[in-house]
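Please read the following account alongside the sequence and the coordinates. It goes through selected places in the chain in turn.

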Amino acid sequence: MSATVGRPLRHESAPQHVAGRAPYIDDIPAPAGCLHAAFGLATCTHGRILTMDLAAVREAPGVVAVLTAADIPGLNDCGPSVHDDPILADGLVQFRAQPVFLVVATTHDAARRAARLGRIEYEALPALLDIESAVAAESWVLPPVTVTRGDAAAALQAAPHRLKGRATLGGQEHFYLEGQIALALPREEASLHVHSSTQHPTEMQQAVAHMLGWSAHQVSVECRRMGGAFGGKESQSAQVACAAALAAWRTGRAVKLRLDRDDDMQITGKRHDFAYDWEAGFDADGRLLGLAITLASRCGFSADLSGPVNDRAIFHLDNCYYLDALAVRSLRCRTHTVSNTAFRGFGGPQGIFAIEYILDDIAHRLGLDPLDVRRANFYALPGDTARNTTHYGMEVEDNIAPPLVDALARDCDYAARRAAIAAFNATSPVIKRGLALTPVKFGISFTATFYNQAGAQVSVYADGSVLVTHGGTEMGQGLHTKIAQIVAHEFGLPIERVRLSATDTSRVPNTSATAASSGADLNGKAAQDAARKIATRLAAFFRGRHGLPGDAEVRFADGALHAGDTREAFAALLPAAYKARIQLWDSGFYATPRIHYDPGTLKGRPFFYFAYGACCAEVAIDTLTGEYRVLRADILHDAGRSLNPALDIGQIEGGFVQGMGWLTREELVFHADGRLTTHAPSTYKIPSASDCPPILNVKLWQGDNLEDSIHRAKAVGEPPLMHGFAVFFALRDACSAALGAPAPLAAPATPEAVLRAIGGLAPADAEPAANPAALPAAKAPQPAARAR
């Protein structure tokens, strides 16, 4: 085993985290004269601005400047793909709490207080707030997309069994611990340096430059660490970065913009909520023969990343299952709500939820164990070409779902527990238990192929210490730790000799977002490439220094270079190499191979490989109150040859809890006037420690990645979120036991939703089911470019 790679080493910032010494942007000492900014927010859901009286704002104590859209010299836009997302509203308000003006004051408190003094008069316009009303109005942010395979209509007609169904799935607030924040610093010769809490420094650089009418080389963006992101700082950090930069440019002074939690939750987008309407044809074993489905999502007022989010939902509609005849219609609904955005899984979870719900319904219809129906629909094992191609044309070459599910079912004693729960429910009139085992197959790569590239720079100093910078960002997931492990391995050094610097566009240009679970895959390979170039030169110098043959094998291990019996410490060699004028730094680059796809048809190979996993969850519900407990969860997850098992297991545990929270308790509620009423911890409830099941078993599947990923590891950022599905379907299993029929449980499965599902609340209390497929056909607007 390597001394670094594959070892369960602690997070590189762990001591600083637990001691409160890890500096985030708000901890950076403010320069002298630093100002603070705050947004003035719209109080109208959809309307034209008639008058805007900001006199009281300008006269408020401490106010230095008040800026509006008219003060932006360049492009008033922070959208990542379509220019439809203004930094400050210009004449038209498209959602309640949309930023309309920016206050710049001497203190954070003064700016926030002044921002509330604006007087704006609106001409109210009709507002669309939900999926159903948007579909009825044929309101789209991007054109509807249709994907077909085979003849779904004929397959449905010929199927011995047919079933129609509907389901709804709520959104989710990112609830990162560190809110959106940026600190903009004016520099000489019309330039700016921006500290931004962002997953995508290059996109922030470009957005700021476009806003000011500058070139990219006039703006540098830096991020040492974020206090969480989960996709919420991939594109939506641009509005905050641009606003801070605008204020700094206008005032000539440093400006910090830090969103209050309530403002953050109202201004920034969420995970897309979805509605599904489907018809399935299947045989007596539950094997799907044909499927027609409409997926409709609430995108909000602008496109943001809704195009690729919905595309990925289509890609992941199959999960682990072969779909032979399929017709998919994807509706990207424009509503007068905040624009939804990237969130861990990026549309994949919403696609997987649909097929899992369908198979669950089929199992209930046939009276079969849902796990048996899932097994009946698995892709074929490697070597069997009959059922191994996805509906988008990619061969599933590494399918380990069947043996992984079998191993988990055996280890968690699924069959015996299923029988025991059935016996318990037969004699328990009030408390009902449920059990579910759900798998996941998740594609790894950006679907926008050009993002699958990364750069890094490795600098070896004459004392033998190493500094690394790369294009990825650290948000708590341990990316910097894994990069340090990779570089330390190449030089045979202890990890303490390798340090990571902040991600900075002036050091590594044209970075891709740290997203799509690809941070270690891309940046790890780039850092490895740079380190190997330096190691090659050091090995040649070592051979010459010791009179060794030119083809002598040189190993870097234990802090030294080795060739046969010859050994020299790394730290001893470096001063000599420096004096011999050996280049001790280099850049590295990596581009993911084999991937390609046509964004017009959604056909090709969008993913380098798949990551797999499965979770079995057991729950108990109180049929009188709707309350429930998660009693146990068992997870078996495929991380390939793990770079760091400790970090990976941490990601798996966190992903499971976050997914469980999304599907059970995290409910976004909008008032009829468009206000988000769940905009604080008092009203929006994320899981706490007490919600974690008392029995939580997590294991890593033992097996290498078949593709040439970094050290044959697999990405582990997003796939574990889908393990939360097992909790939802276990709750549905318990509800169905109480109801004596398939329970129409909606997600999130709050106690109220549980009561509705088992008939404990009057039908009038229930939300209407979505039926987008039954509504008029779409009229598509002009196509727009996709991102991500």
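Between which two elements does the loop that holds Ala-30 lie? Ala-30 sits in the loop that joins α1 (14–19) to β1 (35–41). The model is a predicted one, and every value below is computed from it. With a relative accessibility of 45%, Ala-30 falls in the partly exposed class. Asp-648 is 618 residues away from Ala-30 along the chain, and 36 Å separates the C-alpha atoms of the two.

Helix α17 covers residues 645–664 and packs with α18 at an angle of about 40°, the two axes being 7 Å apart. That angle makes α17 oblique to α18. Which residues of the two helices meet? From α17 come Phe-656, Met-660, Trp-662, Leu-663 and Thr-664, and from α18 come Phe-725, Val-727, Phe-728 and Leu-731. By class, the residues in this contact of α17 with α18 are 8 nonpolar and 1 polar, with no charged residue.

Helix α18 can also be taken by itself. It spans residues 725–739 and has 15 residues. From the first C-alpha to the last, α18 reaches 21 Å, close to the 21 Å expected at 1.5 Å a residue. Of the 15 residues of α18, 12 are buried, so the helix is largely enclosed by the rest of the structure. The buried residues of α18 include Phe-725, Val-727, Phe-728 and Leu-731, which are the α18 residues that meet α17. Arg-732 and Asp-733 are also among the buried residues of α18. Gly-740 follows α18 and has a positive phi, near 75°.

Pro-748 belongs to the loop between α18 and α19 (751–757). As background, most peptide bonds are trans, and most residues other than glycine have a negative phi.

Two residues other than glycine have a positive phi and can be set side by side. Asp-413, which is not a glycine, has a phi of about 60°. Its place is the loop between α12 (401–411) and α13 (414–427). Asp-413 is classed as partly exposed because its relative accessibility is 44%. For Ser-445, phi is positive and near 155°. Ser-445 lies in the loop between β16 (431–444) and β17 (453–460). Is Ser-445 buried or exposed? At a relative accessibility of 3%, Ser-445 counts as buried.

The last topic is the cysteines. A disulfide is a covalent bond between the sulfur atoms of two cysteines. How many disulfides does the structure hold? The number is 0. Cys-333 is buried, with 0% relative accessible area. Cys-615 is likewise in no disulfide, and its nearest cysteine sulfur, that of Cys-616, is 7.0 Å away. Cys-615 counts as buried, with a relative accessibility of 0%.

Definitions and conventions:
Residues numbered from 1 in each chain as written. Predicted model: local features only at pLDDT ≥ 70, side-chain atom pairs only at ≥ 80, totals over all residues. Heavy atoms only, no water. Helix = DSSP H or I, 4+ residues; strand = E, 2+ residues; numbered from the N terminus. Buried < 20%, exposed > 50% of the residue type's maximum accessible area, 1.4 Å probe, protein only. Axes fitted to C-alpha atoms, helices over the stretch in contact; angles between N-to-C directions. Parallel < 35°, antiparallel > 145°, perpendicular 65-115°, else oblique. Contact = heavy atoms within 4.5 Å. Nonpolar A, V, L, I, M, F, W, Y, C, P; charged D, E, K, R; others polar. Expected span 1.5 Å × (residues − 1). Disulfide = S-S within 2.5 Å.
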